[in-house]
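Could you have a look at the notes below alongside the model?

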Amino acid sequence: MSQKTKPLNLRRAWALGAALALLGLSTLLLGLSVLARNAGHLTYVVDDAYIHLAMARSLAQYGVWGVTPYAFSSSSSSLLWTGGLALLMRLIGNHPTLPLWINLGLAVVMIILGYEYWARHGLNQLQISLALVLLILAMPLLPMIFSGMEHVLHTVLTLVFLWVLEHVLTPSAPRGIHSRLLPLGMLLPLVRYEGLFLIGVTTLLLMWQRRWRLGLALAGLALLPVTLMGLFFVQQGWWFLPATLLIKSSPGTGRSLLELLSTLGARLADNLNHAPQMGLLLLGLGVGFWNEWRRERRMEGEKALLVVVAASMLIHLTLASVQGYARYQAYLIAAAVLVLVPPLMRLDLHRWFSIPWLAALAQTLVAATILAVPVLAGTYFTLSVPRASANIYQQQVQMARFVSRFYPQGTVALNDIGAVAYFTNAHVVDLVGLANREIAQARLHGTLDATTIDRVTRQANADLAIVYDSWFPGQLPSHWHKVGEWEIPANLVCGDATVSFYALREADIPSLQAHLRAFAPLLPPQVEQRGDYLTP
């Protein structure tokens with residue numbers, strides 16, 4: 001890798017201009033499609049975006065770290081994203097489109113980073129243009145923009161960290177480059193706790209190279225802010241880790257080491273089954289490392305990055321998730337593409353193919369085998385953005401509109417809390433546990449049942465429940481009365497296509513029936529309604 005820093009020549013950087021134009025045009029077209037499908041409302045593709053917005057609003061306007069301003073809750077595992085949104089709300093006001101514009105700006109930064117990295121690794125403009133399209137599609141970048149969440153920020157910080165790390169791991173590293181690695185190490189886990197995977201692998205590599213001070217400093221600074229936040233959570237009566245992390249990423253309750261390893265192995269296999277592109281990228285990282293190692297057998301620079309990304313990916317696949325509309329693995333796919341493209345471009349197969357055109361063809365086939373599935377998977381998610389957004393608009397946003405109209409200061413029990421918490425001032429009883437400690441504890445111990453749910457909702461004096469029946473098999477109180485159901489078509493991202501409305505007390509049945517009947521004409525026509533409230 002060349003260590004010389006050259007200014008960006010905008011006249012010759014047509015690949016960058018083309019990629020930015022593609023980003024802008026694609027975002028515009030997808031945005032227009034989203035607005036057309038959602039009656040002019042910009043709606044994110046996951047309900048979790050509104051959890052962050054609700055928490056940011058509570059923090060900015062009331063100084064409460066919680067989904068609602070009425071109580072503390074450890075409902076965010078992205079401390080920097082939620083805190084940053086709260087700061088912006090304090091400065092410019094509460095606007096639901098804030099995450100979209102932030103993500104779009106960060107996407108521009110990411111494309112510039114990719115361009116600069118590949119240009120300084122000797123790729124020509126045509127190669128860079130193809131690599132940037134690959135990055136946009138494989139990540140996939142556009143769905144992450146419309147997710148309204150922290151994943152583009154996480155990816156940008158990951159790519160910057162890797163770029164700086166490559167310099168650090170090069171013998172002729174620029175003076176002072178080491179000091180840039182440490183603040184990045186602090187920021188990564190504050191955006192997503194998965195950043196600790198990358199920090200941990202980097203720390204081990206630095207210590208293997210006998211760079212003890214730098215490795216320990218990196219690990220210590222990365223752990224410091226999340227430790228302080230964890231102590232704050234404990235002081236508030238919650239756990240050291242956010243409830244989102246505990247509920248969604250629990251490794252299981254096996255009592256022996258063998259059971260734990262079996263659980264982790266099953267998770268690794270399940271993740272590879274759900275995201276086969278990750279396995280192909282791991283293969284590609286191995287091929288890239290093998291090719292570079294043949295040229296020079298020294299663990300530094302680009303070769304070290306290939307190992308760091310591959311190891312981080314394996315840890316993530318073993319301990320975390322790759323579901324959730326492709327967002328959890330987006331940073332790893334982008335990182336793999338960044339560090340893998342230059343070695344693939346230099347892949348030397350002449351020792352097996354003496355005819356030059358056969359070697360070039362084999363190189364192309366190897367690259368296509370590794371990259372085709374990530375691109376196809378990312379393209380699928382990109383094209384499905386309008387459909388995913390329509391799912392959230394037709395279900396969660398309509399739930400919020402219903403609650404805002406008829407229970408503006410009431411208490412509602414839910415399993416999807418984001419839109420209702422953000423768009424209304426209602427009290428929320430979270431039956432998943434992200435914002436309710438008693439429910440979360442019951443889930444973690446496997447003791448959640450109808451008695452627990454009945455007790456929690458009675459204590460909160462809940463007015464109604466809006467839930468997925470499929471999420472609570474045999475766990476809903478028998479005296480609850482189902483008044484109606486809404487079913488959305490072509491469900492892609494919602495936990496269930498059908499959401500049910502329950503009156504928790506017999507006396508509340510007539511009023512809930514009347515409210516659902518009055519709201520029926522206001523629902524999008526695609527939503528199918530069922531229930532006795534439809535009978536006059």
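The points below cover the annotated spans and two residues.

1. A word on conventions before the details. This is a predicted model, where local features need pLDDT of at least 70, side-chain atom pairs count only at pLDDT 80 or more, and totals for chains, interfaces and linings use all residues. Residues are numbered from 1 along each chain as its sequence is written, and side-chain values use heavy atoms, with hydrogens and water left out.

2. An unreviewed UniProt entry annotates "transmembrane region" at residues 100-119, 125-145, 190-208, 215-234, 274-292, 304-322, 328-345 and 357-381. Such annotations may be inferred rather than shown by experiment; positions follow the numbering used here, and feature names are shortened.

3. Two of these spans can be described further. Residues 215-234 are 100% helix and 0% strand, with end C-alpha atoms 28 Å apart. For residues 190-208 the end-to-end C-alpha distance is 26 Å, with 84% helix and 0% strand. Helices here are DSSP runs (H or I, at least four residues), as are strands (E, at least two), numbered from the N terminus.

4. Tyr-331 belongs to helix α15 (residues 330-345). Its relative accessible area is 4%, so Tyr-331 is buried (under 20%, using a 1.4 Å probe and protein chains only). Leaving out residues up to four places away in sequence, Tyr-331 touches His-154, Thr-155, Thr-158, Glu-194, Phe-197 and His-316 (heavy atoms within 4.5 Å).

5. Thr-43 sits in the loop between α1 (14-37) and α2 (48-62). Thr-43 is also a buried residue, at 2% relative accessible area. Beyond four places away in sequence, its contacts include Val-34, Tyr-50, Ser-389 and Tyr-393.

Methods:
Buried means under 20% relative accessible area, exposed over 50%, partly exposed in between (1.4 Å probe, protein chains only).
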